[in-house]
Amino acid sequence: MRWLPAFVSALCATGTLAAKKSTEQRFNEFHTKSLASTPVKLLDANYRELTSTPRDYTAAILLTALDARFGCQLCREFQPEWDLLSKSWIKGDKAGESRLVLATLDFSDGREIFMSLGLQTAPVLFLFPPTTGPHAAASPEPIRYDFVNGPQSAEQIHAWLSRHLPDRPHPPVKRPINWIKWIFTTVMLSGTVTAAVVAWPYVLPIIQNRNVWAAISLISILLFTSGHMFNRIRGVPYVSGDGRGGISYFASGFQNQYGMETQIVAAMYGVLSFAAIALTIKVPRIADPKAQSVAVLAWGGALFLMYSFLLSIFRVKNAGYPFALPPFM
Amino acid sequence: MRSLVSFVLLLLVAVVSAISTTGNRLLVVLDDVAEKEGYSKFLGDLESRGLTLSIETPKSESLSLFHLGERAYDHVILFPTKAKGLGPSLTANILLQFLGANGNILLTLSSGSATPSALVSLLAELDIQLPADRTGLVVDHFNYDSASAPDTHDVLLLPPPGPLRSDIKDIFSAGAPADQLIAFPHGVGAALGAGELLSPILRAPRTAYSYNPKEQSEAVVDDLFAAGEQLSLVSTFQARNSARFTLVGAAELFQDKWFDAEVKKTGGKAVKTFNQEFAKRVSGWTFQEIGVLRVNWIEHHLNEVGASNESNPKIYRIKNDVTYTISLSEWSWTAWNAFSVPKNDALQLEFSMLSPFHRLPLRLNAKQSTAEQAAYTSSFKLPDQHGIFNFKVNYKRPFLTNIEEKNTVSVRHMAHDEWPRSFVISGAWPWIAGIGATVTGWLAFCALWMYSAPVGGKKESKKTQ
Amino acid sequence: MSADTLQVLASAGKGESTRTILRFIILSLIAGAAIASRLFSVIRKCPLSAGSQLLSWQSRPSRRGQLSGLLRLSAFWAALLTAASFQVSRALFTNVGSPSLSQSCARAERQSRMVADNPLVDPWFNFRATKYLVANGFYKFWDWFDDRTWHPLGRVTGGTLYPGLMVTSGAIYHALRALTIPVDIRNICVLLAPAFSGLTAFAAYLLTNEMTPSPSAGLLAAIFMGIAPGYISRSVAGSYDNEAIAIFLLVFTFFLWIRALKQGSMLWGVLCALFYGYMVASWGGYAFITCLLPLHAFVLICMGRYSTRLYVAYTTWYALGTLASMQIPFVGFLPVKTSEHMPALGIFGFLQLLAFLDYVRSAIPSRQFQTFLWLFAGGTFGLGLAALVVATSAGFIAPWSGRFYSLWDTGYAKIHIPIIASVSEHQPTAWPAFFFDLNMLIWLFPAGVYLCFQNLADEHVFIVVYALFGSYFAGVMVRLMLTLTPVVCVAAAISASSLLDTYLNVKSPNAEEHPADDNTDGKKSGKTGLKSTSKPVVGIYGWLSKGTVAGAMTVYLLLFVMHCTWVTSNAYSSPSVVLASRMPDGSQHIIDDYREAYQWLRQNTKEDAKIMSWWDYGYQIGGMADRPTLVDNNTWNNTHIATVGKAMSSREEVSYPIMRQHEVDYVLVVFGGLLGYSGDDINKFLWMVRIAEGIWPDEVKEREFFTPRGEYRVDGEATETMKNSLMYKMSYYNYNSLFPPGQAQDRVRQSRLPEVGPSLSTIEEAFTSENWIIRIYKVKDLDNFGRDHASAAAFDRGLKKKKAAKKRGPRQLRVD
């Protein structure tokens, strides 16, 4: 009768809803599966089987919702990273020394599991520590990895796993070389070089043109001095609605601003300095006295108006700023 | 030198003032004053050791351990009382305060009377458990006094206890005649917690157990409070401030009739009890008359040739050689003696910042030690790490005063002019040579440049002609 | 007024010598004005006896008298000169108008307001260091091991600070002593920054004069530099900080560089190198120069403007300057090992190569050979770049230091170095801050840069480059507004002066002759120049246009002066240690909790009691309370700070061993809930958590301090981790005893606190200041009877201990 257990185990290994099997068998079975295709795609049944105690292996299970109709952007962004991680882990650990099974449970396959776990959000990464064996953890409860700040890279997850799997092999993440990218970049590079060589005589005057450089530098200065970097770093909204359904272009508070706001301010600075430039350079070169005085009045007026408007806006930002110019008192 | 003088003065003061190092005012709390006759020998013994006794009963109004916030007594003996409560002046809180104020307490129980609740909660705070309903009797069917308790088996006979561990001095039964036995009559056994402040003096024999005499004897096995070695008959607790507390399970152990009683084991010959000497030592230890350590002085200095050897400087430099010396004395009954570390034990010095960088044995320094004090010293090289370090001696042993001495010094980095000069380092010679070469080359070039006549001038002159 | 007097006055302004003298007087006046405008804070704060911004300057009526006297004097002179100069000549008009008014306006009544967000505390350390220097001499200072900070690590202070500031004031102190002028070192420290601001104005004058022939530009630049709030913010009396002298050194080094570059003179190059060395000794911001000068050189090379002048100036500066900078122990070998110094080195090598090629080209006239050579040059440059990259990746060269790198990759600090991101000065700048700090200059600035393009000489290229990078850095970090201000002043001065020069020209052109010859000039100036300058200059006809523009300009300048005065009085001259607030009835209310608490520490704790607090308060505790601290504002050891963060953010049972290990005696927390003081520790708490999480990611988790809905709350909804954290307990301990039951209210977080407040067992309240802003707790010793603190506290509260048998099932047996 010594063929019976083998037969039974073979039966079980076929992965129909299996009776209670020893943790060893379960690990081997899932490991063979993951060797075939990793991460193992789970269903309700074998999720329960995989996470059932006692277990002497670790199970890292990603509960995700890839289907488009759930609209889980983060899930879809993270999935390739997860696949990459599991692939490189299994490739690096064919023998299964780390005794880690990486698996994925999609919401469409494991609705009940999500319900039972009371998960509102996806994706969630659970790490089920072993309950028996040398690395047995105190509690069978899974450790949860939260995707607090955006999609994580495979390396980050790898670091997290390695932290929780001490003194076990941690196969490093191997990113496949992106041949397409390389070829593309090389082609582009050579293309640009040739284009540059060909177009050099035409481009040269543009590069050497002082006006171009003046424009570039002025524009960038205006951008920076109007708090463009603040927007970049803080990622402030472009505009935001005030309470009454309208749009408020100017954020309240001295330390805050909107994207639109900075552009308006930059434009005002631009007008002001251009008026100053015109008054300094252009106007004296107008030969006709009438035209000149008209220009003077026009630019001077523009300058004055714009400055008073700027002051009024600054009063909005900084309550109690005492100074103002007509007409925007 | 000054430290030595002050130490001698201290010694004199100690001799004239009291026999105990912490004072000689002893409060004896009895159920009623008449009972003191039973303990006359013991109390007389205490008086003869220079303690001034004042006998009180728990009920008396005048009884109070504190007067104007100061200790009114230095030591307290509590004899068992019939009363369920000890009254307002002896609550667990007050007793703990008394210990906190360096007072010492000798507490005796007896199986005859239930322990008052105040004492039970006090013991609970010290992590000492008594049998459940505050009454328990320790019996032993093998080591009992066949003379007085032939059938109750509740007078235990024990040999004088040896040292608790091999590295601890035996101060309770040293020099006891081998044949003498301690009689422990009608006592209560306590179970000690695992705290390191607790240590048992006298343990029950392996065959002893504690049970509740009011219940049927067959109920013993069901809820056995404790048995064998776990059953501590005389236990001590030394608080961190070295205030001492002793729990004696059997008050009768101190009674005259057991001091000079003849006891005989079954099959043994009648021998005299060891009780009187034992009581003397237990009370002596509790009242800080033996096993008291004192740090006389601590000195550390730079131990390098040519360096100033000023004592206890505030700051050292990394990799300095320093010497640390600590002087210890032990008080035994009447005088301060040089403290000698037990042979299996070691007195250690830690040099630590956040964690010890060095842990070194302190060796006896014969030169600096006298009959009254022993100087232990250790010399070592400071670690290669600057910071604020502590010389730390942390010597805490059962039955000995806790010693925790911490001297803070700063260890500074190398100053800019304490490194070896470049020309001393052989590895730097190539570079120095390189510098020299560059300088000479530059000078040569300059010279060449300045003293070579300009050629252009001549050519032109030729052309012009 | 009549025409002849006008002639007379104008002629008075004509003579060259007179004008120079006048200009000198005006310059000194501007410097005086700049200094004086920074002393208001001192004078004003004397009644509060709070001193100026930081160092308290005890008020003696005599000194106050003389200060305000000096003030009125300068104001009077300035006003007088203005009155005269309005008629004299255009240069003078533009020069004196503003400073005089700055004085007269500045004397207006002021009010101060809470400056909560940036506790400027470095001066406390600098002052302490200076005292040490003066007391123990230079070599002791050089080898100073400070064992009262960073307990128990200590700090090798002599080797980890920029000694320039302390040495400067020490030198001044000894010089005055040598002149038998007995002066307290503290007064020197308080007045150093204003004094140097005067020099800065002068340096700005020199730098601008290098840029433009117009005589008035320099003086205008000096005025702007003197009163621009962006610079006043760091140079008011008592802001005894590195920047106080560093900005002067920055501007002056730039002036010397330009001078050396224009003349190609080695002498000026040497001077530049020397001042660069001084700068390195004074401020970590020297890296700005180290990168800007090579960049300028590189741009010039790319513009094909390589010249021997450039070669001489740059090589002199680099060789000597690098040697000088390496003399500072804190800098040491960084100039040859770290990336931020590599551009300078690379350009140095590249210049050698170019010089060589230049020589070869002059020797060998073959065309192909030249092209080959140029390719060769480019190739070497590329190779050098590649080598740099390789060396960096291989680790021979240290990568960018985090603080510096975070300027380029702005997201970097937030992820990797929270300790840097947590500093309020390192936040990006919103546009109101720009306008607040340099009001009209902000739009004169681009105009000036544009004018620099008119005739693009080497120095103008420098201005353009400086302007671009300065504005970028200032946009990324509030603090670097300081490095932007000089170039803004210079550029704005250029544009303003040329504007005024144009419109204050007394003689008008007559309309006849111009139409004839303009087209001829049109051909002459063309291609290379700016399009706008293709036509010839005619001049301004008619008084109307002149009058309008001049008048408008005057209005703007006056507005600017008033703005500066207002900003200075409001924002930059109220001490951050003493908070002044307004009562409903308008009277001023002084909140002096900090000094109260520090005084308490000084008087009620042991000399060597270790105080644990968040690092923001380290210098203050060291300076005012004179007690050892665990961490302070010199954040050199991130792990140690993280340890404090962990102790603050974990449960008592976890924190207590940490505090015991570090021998902490007292814990100090800042709590603004009662007063609505927003700069308190609960608001900084997340940074503590983050920094601790960086080191112990498994023990401290930021997420656990947020409610499931991702909010940061302190009321009943707060998470258990939050409620059990030591910081929370210390902040709200006994707080609800101030309110009727259930009414406890946190006025900063605007939230109602739970009914029962937290309870403490391992530490006990020692002190709470008047407005509860500062709370100090004493760390308990181990329990005398070997119990854990919780049960001991329970017993003291009267609860009897449970029976041991019930407490833990089977009793563990004694083994000994």
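How far apart do the C-alpha centres of domain 1 of chain A and domain 2 of chain A lie? In this predicted model, the two centres are 55 Å apart. The domain assignment of chain A places domain 1 at residues 19-164 and domain 2 at residues 209-317.

Helix 10 of chain A covers residues 259-282. From first C-alpha to last, this helix of 24 residues reaches 33 Å, close to the 34 Å expected at 1.5 Å a residue. Because 17 of its 24 residues are buried, helix 10 of chain A is largely enclosed by the rest of the structure.

In chain B, strand 15 (residues 244-248) is mostly covered, with five of its five residues buried. B:Arg244, B:Thr246 and B:Val248 point one way from the strand, while B:Phe245 and B:Leu247 point the other way. The pairings of strand 15 of chain B are listed below.

| Partner strand in chain B | Bridges to strand 15 | Direction | Residues opposite each other |
|---|---|---|---|
| Strand 6 (residues 104-108) | Four | Parallel | B:Leu106 and B:Thr246 |
| Strand 14 (residues 232-238) | Five | Antiparallel | B:Phe237 and B:Phe245 |

Strands 14 and 15 of chain B form a hairpin with five residues between the strands. In this hairpin, B:Ser242 takes a positive phi near 65°.

B:Thr286 counts as buried because its relative accessibility is 0%. Its side chain makes a polar contact with the side chain of B:Thr246 at 2.6 Å.

How values were computed. Residues numbered from 1 in each chain as written. Chains lettered and ligands numbered in written order. Predicted model: local features only at pLDDT ≥ 70, side-chain atom pairs only at ≥ 80, totals over all residues. Heavy atoms only, no water. Helix = DSSP H or I, 4+ residues; strand = E, 2+ residues; numbered from the N terminus. Expected span 1.5 Å × (residues − 1). Buried < 20%, exposed > 50% of the residue type's maximum accessible area, 1.4 Å probe, protein only. Domains from an automatic or database assignment. Polar contact = N/O pair within 3.5 Å; in protein donor to acceptor, adjacent residues only side chain to side chain. Pairing = 2+ DSSP bridges.
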